[in-house]
Amino acid sequence: MKKIHIILLILVAASIAVLVSFLQTTTTYDTVDTAKSKPGKFVHLMAKWDKSEPLLYDAIKNPNYLEFTAVDSLGQKIPVVYHNPKPENFELSEKLVMKGKYEDGKFMCQNIQTKCPSKYKDQDPSKHPGNIEKKETSYTLPEKVGGQIATAK
Amino acid sequence: MVYAGEHLLPGQIGHFFVLLSLVASLVAAFAYYKTVRSQNTGERKGWLKLARLSFFTDCFSVFTIFFMLVYMMFNHMFEYKYVWQHSSLSLEPKYILSAIWEGQEGSTLLWTIWHCVLGLIFIAREKKWEAPVMSVVSFAQFFLATMIVGIYIFDVKIGSNPFVLLRESGVFDNAPAMHLDFDLTKAIRPDYLTMVTDGNDLNPLLQNYWMVIHPPFLFLGFASTIIPFAFAMAGLWTKDIGGWIKRAIPWTLFSIAILGLGIMMGAKWAYESLNFGGYWAWDPVENASLVPWMIMVSGLHTMIIYKNTGYSLRSTYIFLALSFIFIVYSTFLTKSGVLGESSVHAFADIGMNGQLFLFMIVFVWLTPFMAATTDKQRITIAAVTAALSLATYFLAEVIPGFPLYVIIAGVITYIVLMNRQVPAVKKEESASSREFWMFIGSLVFFLSAMIIIVQTSLPVFNKLFDINTAPGENSEFKYNQIQVLVAIIVGVLTAISQYFRYKHTPKEYLLKKLALPTFISAIIATFILVVVKINFDKHGIGFLINIWIALVAAVYAVVANAMYMFGSLKGNMKNSGGSIAHLGFGLLLVGILLSSGKKEVLSINTSGIPVNFGPDSKEVTGENLTLVRGLPMKMGPYKVTYVGDSAHPKKQQTYFKIDFNSEKESFTLEPNAFINYKGNMEMMANPDAKHYWDHDVFTYVSALQNPTKIADTTKFEMNTKAVGDTIYYSKGYMILEKLVGKDNLPVAGFAKTDTGYTASVKVQQMNGSSYQSDLLMIRGAGRKLFQSEDTVFSQNLVLTLNDIKNGNAEIGVKESADITPWLTLKAYKFPYINLLWLGVILTVIGSLIAMWKRIEVSRLKNV
């Protein structure tokens, strides 16, 4: 056997070992019930924001504390705590992939990925952020803040 | 029915050329195939003529399709779905192109355009290899054309047509207003276009100059990978097993340079304009294009080994084939929607999964088809491919993993057939030879790519085997943990390999040559580790030590290649392409290790908040900091102040002015955000950064006051005070310093008898700053005519002068958190990030110099 073949075998074996150990560190996608059933274990919770429940975020008090209720496709609810501001597209999202652990009755979330209704899919134009049925939208921020700047000291 | 205002001609022209390109590319592929197979010259010439004509027709069609899309976008023809979906009236003209490649159809088109450009250059330059290579290219063109054809065959939708009309696209299916009598079952109203007043616009996050230039480079890189692949196929097919290598090396270098540049442009874009706080996130979409690049780099090195020593030809065949197959796989990953849960920026499924997968099956099985030696084998393979494609369609969900087995079977068949044709050198490489170490490096690089792609493919495995796996807790670390080891090996090999000679290197010679670079590297690396320091201990000391070793290896790669260039090559630029590219690669590694290892979050929230954390908050520190306007906060070495903001004149985009002051420097950053864009009540933030040669300060807005939710319910509390009296509030007190009444106001609209009163109030924060507030009230004929409110934002105070009674002022005081303009920031310091970008540029330039050199050498030989 050539030296190079021996090295090849060793490297391939090492790669396989690496991948096997990687596969053992994988986690699962879970619903609220299954996430609750494994407290303290890192999971990917698939749910969406329940807009009927209050959302707690006060950036003046603490910009790194967001608490809201998530509801999964089976209708199960769970309070979620996230030590960051609201992620982008949070309001628009139709699904949240939340990485974290269930602890003390709450889902302690480390990372949220928002999934938006795709702009590549055909959808009801009346729900489109664009128009067709032209909506009158007003953008209050610039004027309002501008006004405040004018009077501020 | 006739619909008012529609322009049907551009779409008809466009779709005609889509169909023409489909037919022309298939004819070109077949005619080139026949050209290769023709025995006599006359027949060959005929087929070649037809092949070229068809390919030129294909090119003309593709350019026309592109032109029609630009034309429709430019003229805002919203009757076309693609135009409506990706552009708007307010879209700046410079983003018209971005709007075209925002969608799947446009990005596919961009790919085919580059195939055409490369194909035309190839026809002009490579006479000998034209027919077999262009046969493969045209075949790929055919498959890409099917992606945008948009026709139905037995209810199966083939491709997605960019020229489909809005009213025929299904968008109106749920919009009663668009139908006659508001009845969904009835036809579309003839005047529907009067209601389609504007398009959906390009995603504001993509309205960025990087979106103009990054996709063309990336897709040129994508398209260019087919040339080395097709060369390898041509070699097997024409049985000129090794003759193509020399011609293919410059094309491979080009591909590596451009694909690498395209990938890193994406990284720069992510770094500059997106806010995940970095340039690389091991996102599946990023990995999917990195992996073919890495395999291509391995392939280049084995090609060079073969050219110089005759070794490694089989590996070359494997690498070049896999490189292109993984390009097709990456297209599958990004466009099929399979990454839905795991990637931030993949396209969604538009119902082309099957077609994309077929593209992959066919190109995987094309490799054994080309490697086959007899027509019987070829027919068998073609039949097997057809059978397996059908079988996949029906069995994918019945037999777990079936599609994967089809792919693996194809690759194995290729390797078996290829091995029969390609001879292997019996004699063993010497461990003291350059080829030995180059091969080890290529192999490590290749295996590392394989590890990355398996890690990336978890969502695919979920689909294949109907299982439920998700990435682990530290998914990025899982990549870094392994790749840091790869960096160590590759770094050292990059440093030393050039000092080896082919075949055999005398030990004394090697030690003598390597001594100085090793010594200098050791000094520089020690300096970096001791003075600059990397203390990234988040993942334990073991990982940190690996980072240190990798840094030493990367520095070694830089120093050794720089010295090789100026020593052994005597600084001759033309011959130094390889050294420059390797030096750049080393710098890239140093930049990655330093910038990631020393990245700092500046906006750590420790004590700065003016109000205590809520009682139920467990929060001690966080990575976001809220700034109240006008109130400086401490952030790392800086005092940071939110000064104000300004709105973009045309878009719903607001720029926030943030001052950074430290003892050494002061500068202003203006991160911006789209707010309520198209009325969707969201904020989309873009970062801003201050660049220094050795670090960047990078910040973006992570939360904003919601302007529509400011509901100020607090009431004024009235205090009747004489001049000199004190009013207390929660954070301090205020003194009424002056009260003046004045008639004859020099302001239009007031009578002479009207009286204006001004009260001057000094607000004193407890052991802090003081603020001056002047309140105005105008009274006439017993009525209040005007009353000002003054806000002291930093104190959450609103003051007003309500009344004057017997020389005393009635001052209204309101304390409310809601009135304070604030924003929440996240800020990072990225040290030495410029090394990374410089490394990329040098790698690209080095590869291009090497390409140039090879082209020149082969030109001289041909003369």
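Two strands pair if DSSP finds at least two bridges between them. The exercises below apply this to a predicted model.

**Exercise 1. In which sense do β19(B) and β20(B) pair, and over how many bridges?**

Solution. 
- Locate β20 of chain B at residues 797-805.
- Count its bridges to β19(B): there are four.
- The pairing cut-off is at least two bridges.
- The sense of the β19(B)-β20(B) pairing is antiparallel.
- For one bridge in detail, take B:E789: its partner in β20(B) is B:T800.

**Exercise 2. Describe the hairpin of β11(B) and β12(B). How many residues are between the strands?**

Solution. 
- In chain B, β11 covers residues 688-691 and β12 covers residues 695-704.
- Four bridges join the two strands in the antiparallel sense.
- Three residues are between them in the hairpin.
- One facing pair is B:H691 with B:D696, the latter in β12(B).

**Exercise 3. Characterise helix α9(B) and its packing on α21(B). At what angle do the two helices pack?**

Solution. 
- Start with length. Helix α9 of chain B runs over residues 245-273, 29 residues in total.
- From first C-alpha to last, α9(B) reaches 41 Å, close to the 42 Å expected at 1.5 Å a residue.
- Next, cover: 27 of the 29 residues of α9(B) are buried.
- Now the partner. Helix α21 of chain B (residues 833-862) packs against α9(B) at about 160 degrees, with the axes 9 Å apart.
- Angles over 145 degrees count as roughly antiparallel, so α9(B) is roughly antiparallel to α21(B).
- The crossing of α9(B) and α21(B) is left-handed.
- Classify the residues in the α9(B)-α21(B) contact: 19 are nonpolar, three polar and five charged.

**Exercise 4. Is B:N203 buried, partly exposed or exposed, and where is it found?**

Solution. 
- B:N203 is in the loop between β2 (156-158) and α7 (209-224) of chain B.
- Its relative accessibility is 22%.
- Buried means under 20%, and exposed over 50%.
- B:N203 therefore counts as partly exposed.
- For a distance, go ten residues along the chain to B:I213: the C-alpha atoms of B:N203 and B:I213 are separated by 16 Å.

Technical notes:
Residues are numbered from 1 along each chain as its sequence is written. Chains are lettered from A and ligands numbered from 1 in the order in which they are written. This is a predicted model: local features need pLDDT of at least 70, side-chain atom pairs count only at pLDDT 80 or more; totals for chains, interfaces and linings use all residues. Side-chain values use heavy atoms; hydrogens and water are left out. The expected span of a helix is 1.5 Å times one less than its number of residues. Buried means under 20% relative accessible area, exposed over 50%, partly exposed in between (1.4 Å probe, protein chains only). Axes are lines fitted to C-alpha atoms, for helices over the stretch in contact, and angles run from 0 to 180 degrees between N-to-C directions. Angles under 35 degrees count as roughly parallel, over 145 as roughly antiparallel, 65 to 115 as roughly perpendicular and the rest as oblique. A crossing is left-handed if the near helix is turned anticlockwise from the far one by less than a right angle, and right-handed if clockwise. Ala, Val, Leu, Ile, Met, Phe, Trp, Tyr, Cys and Pro count as nonpolar, Asp, Glu, Lys and Arg as charged, and the others, Gly among them, as polar.
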